[in-house]
Amino acid sequence: MHMKGSTHESHPLCEWDRWGVLGPTQGAGGWGCPPSRVGAQGWGHSHRHSTPCPQWPYCRKRCSYCNFNKYVVPAVDEAAVRACLVREARTLLCLSQVQSVTSVFFGGGTPSLASPSTIAAVLEAVAGAAHLPAGAEVTLEANPSSTSIQRLAGFRAAGVNRLSVGVQSLDDAELQLLGREHTAVEARGAVEAAWGLFPGRTSLDLLFGLPGQSRDAWAQGLEAALGLCDDHISLYQLTLEQGTALAAQVWGGALPMPPQDLLADMYLTARAMLVAAGFRHYEVSNFARKGALSTHNLSYWRAEQYIGVGPGAHGRFVPWGEGGCSREARVQTLEPGAWMREVQSQGHGTRRRVVLSPLEQLEEVLALGLRTDEGITHERWGQFSPHLSLQAAFGAPGEARALQEQGWLVLDGGGLRCTWEGLALLDSLLPDLLCQLQHRWAPGAAPGGGSGAPRRSPTGDGAAGPRGVAEVVSGGGGE
């Protein structure tokens with residue numbers, strides 16, 4: 001498993017984005033509807049729904065492991081940022097022509113630093129541009145250092161009904177290593193306060209695989225978290241990111257990272273402990289009990305549309321409002337000042353947009369869907385691939401058949417999914433599956449070769465959340 005060091009749910013494909021996060025913009029051919037196997041009809045009714053993901057890019061400090069698009073500034077002109085978030089949300093929702101919003105997720109940065117009035121204004125804009133059902137999941141990422149009871153009550157009054165708390169650790173030495181600004185006592189207080197205001201809808205984030213961390217220390221920390229957490233928890237393996245203070249310390253030899261086998265054992269230990277505590281392992285990084293699965297998470301893993309709003313936000317949607325009929329990968333301008341100027345001048349700050357080919361869409365459906373315990377249903381696959389069924393793509397002799405025979409993968413009347421053992425090796429299985437999909441998609445091509453024998457994931461997981469075949473940042477989390 002190769003998990004994201006910085007944690008939040010908002011950008012499910014931000015690193016594996018071959019379609020323009022850092023690459024070229026769309027060429028001179030324009031933004032019409034290119035010939036493809038999946039036209040507008042291939043979407044069924046899915047284009048009518050979407051989930052907006054507003055981003056608050058500011059933090060009070062930068063954690064030692066984080067390379068997300070976040071900014072530490074002396075002062076924030078919140079009124080100006082609020083106005084731009086509202087305008088961009090309206091513009092992009094209108095552009096997408098979605099009829100209903102399934103969830104809203106406020107990520108960052110540290111969105112709990114925004115005022116409740118900003119959250120309320122964005123939600124009002126969303127509700128004015130599309131139907132926002134009563135009771136729709138509205139999640140806010142929160143840092144324990146900005147979650148007083150009064151502040152949380154303000155967020156609840158603004159319309160937030162789910163909180164994702166970035167605890168990361170309940171050990172003060174580990175928190176100091178990570179550069180967090182809260183203590184373990186403050187983290188406990190924040191979660192308890194959240195419980196009182198968002199019962200059954202408080203998610204907790206933890207990081208593992210820290211420099212010098214042992215399996216026993218991780219197990220003890222997770223046990224402590226189980227005594228504190230609500231009904232949803234997200235686990236992320238720490239990833240060293242270029243340009244971060246923690247990476248410099250490790251790569252300079254000042255700090256030791258746990259060996260790969262130990263990382264695998266940490267993940268498998270966590271799976272066993274959480275399942276024993278009544279949690280369903282519904283996605284590589286995410287665990288829920290009592291039915292408290294995150295609607296927002298599931299919208300990513302099911303390859304539904306989402307609309308990124310704010311500096312650096314990512315999106316995947318069809319711009320029906322301007323005549324588009326193919327899904328686009330979009331990323332908003334990173335730097336807040338430049339983003340605000342673009343929003344003020346043209347209604348949105350989209351910096352890059354690339355039409356995804358039918359094959360690229362299927363690759364996302366495959367990489368994302370196999371991260372969940374439900375896998376990819378025949379119906380969902382058919383929405384993106386009306387001419388190549390799951391059975392045709394993965395049922396014939398080839399890599400997928402070999403993986404099924406070895407007990408890692410299942411293809412049956414329900415669809416394609418990993419077994420319990422296979423889910424822990426997903427990042428090792430995906431390359432072969434993607435290769436087979438590419439061969440099956442190409443007209444007249446023979447199936448891809450290869451034994452399909454999985455290679456043990458360095459950390460025991462496989463999909464590896466958020467970095468791997470698809471950078472998928474999952475599970476809740478907060479700054």
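Author: Happy to! Let us start with a definition: the expected span of a helix is 1.5 Å times one less than its number of residues. Keep in mind throughout that this is a predicted model.

Now look at helix α1, which covers residues 78–96. Helix α1 has 19 residues, and from its first C-alpha to its last it reaches 27 Å, close to the 27 Å expected at 1.5 Å a residue. Next, see which of its residues are hidden. The buried residues of α1 are Glu-78, Val-81, Cys-84, Leu-85, Val-86, Glu-88, Ala-89, Leu-92, Leu-93, Leu-95 and Ser-96.

What follows α1? The residue there is Gln-97, whose phi is positive, near 55°. Most residues other than glycine have a negative phi. Gln-97 is not a glycine, yet its phi has a positive value. You will find Gln-97 in the loop between α1 and β2 (100–101).

For a second case, go to Lys-290, in the loop between β9 (286–288) and α9 (295–301). Lys-290 also has a positive phi, of about 55°, and is not a glycine. Its relative accessible area is 73%, so Lys-290 is exposed.

Thr-118 is in helix α2 (residues 116–129). Is Thr-118 buried or exposed? Its relative accessible area is 2%, so Thr-118 is buried. The side chains of Thr-118 and Glu-78 are joined by a polar contact of 2.5 Å, and Glu-78 is one of the buried residues of α1. Not counting residues up to four places away in sequence, Thr-118 touches Trp-56, Glu-78, Arg-82 and Leu-85.

In the loop between β3 (103–108) and α2 lies Gly-109. Most peptide bonds are trans. The bond from Gly-108 to Gly-109, however, is cis, with omega near 15°.

Now for the aromatic rings. How many aromatic pairs does a search of the whole structure find? It finds 6. In one of them, the ring centres of Tyr-300 and Trp-301 are 6.0 Å apart and the planes meet at 65°, so the pair is edge-to-face. Both partners are hidden: Tyr-300 is buried at 2% relative accessibility, and Trp-301 is buried at 1%. Trp-301 has another neighbour, since Arg-371 lies over its face, at 4.9 Å from the ring centre.

Trp-381 and Phe-394 form an edge-to-face pair as well, with 5.8 Å from centre to centre and 70° between the planes. This pair links distant parts of the chain, 13 residues apart: Trp-381 belongs to helix α12 (residues 378–384) and Phe-394 to helix α13 (residues 390–394). Trp-381 is buried, with 1% relative accessibility, and Phe-394 is buried, with 0%.

Elsewhere, Phe-208, Trp-218 and Tyr-267 form one aromatic cluster. A charge can sit over a ring too: the charged end of Arg-271 is over the ring of Trp-420, 3.7 Å from its centre.

Finally, let us look at strands. Strand β14 (residues 409–412) pairs with β15 in the antiparallel sense over 4 bridges, and a hairpin joins β14 to β15 through 2 residues. Which residue stands opposite Arg-417 in β15? That residue is Val-410.

Gly-415 lies in β15, which covers residues 415–418. Gly-415 is buried, with a relative accessibility of 1%. Leaving aside its neighbours within four places in sequence, Gly-415 is in contact with Ile-376, Thr-377, His-378, Leu-390 and Val-410. Take Ile-376 from that list: along the chain it is 39 residues from Gly-415, but the C-alpha atoms of the two are separated by 5.5 Å.

Conventions:
Residues numbered from 1 in each chain as written. Predicted model: local features only at pLDDT ≥ 70, side-chain atom pairs only at ≥ 80, totals over all residues. Heavy atoms only, no water. Phe/Tyr/Trp six-rings, centres within 6.5 Å; stacked < 30°, edge-to-face > 60°. Buried < 20%, exposed > 50% of the residue type's maximum accessible area, 1.4 Å probe, protein only. Lys NZ or Arg CZ within 6 Å of the ring centre and 35° of its normal. Polar contact = N/O pair within 3.5 Å; in protein donor to acceptor, adjacent residues only side chain to side chain. Contact = heavy atoms within 4.5 Å. Pairing = 2+ DSSP bridges.
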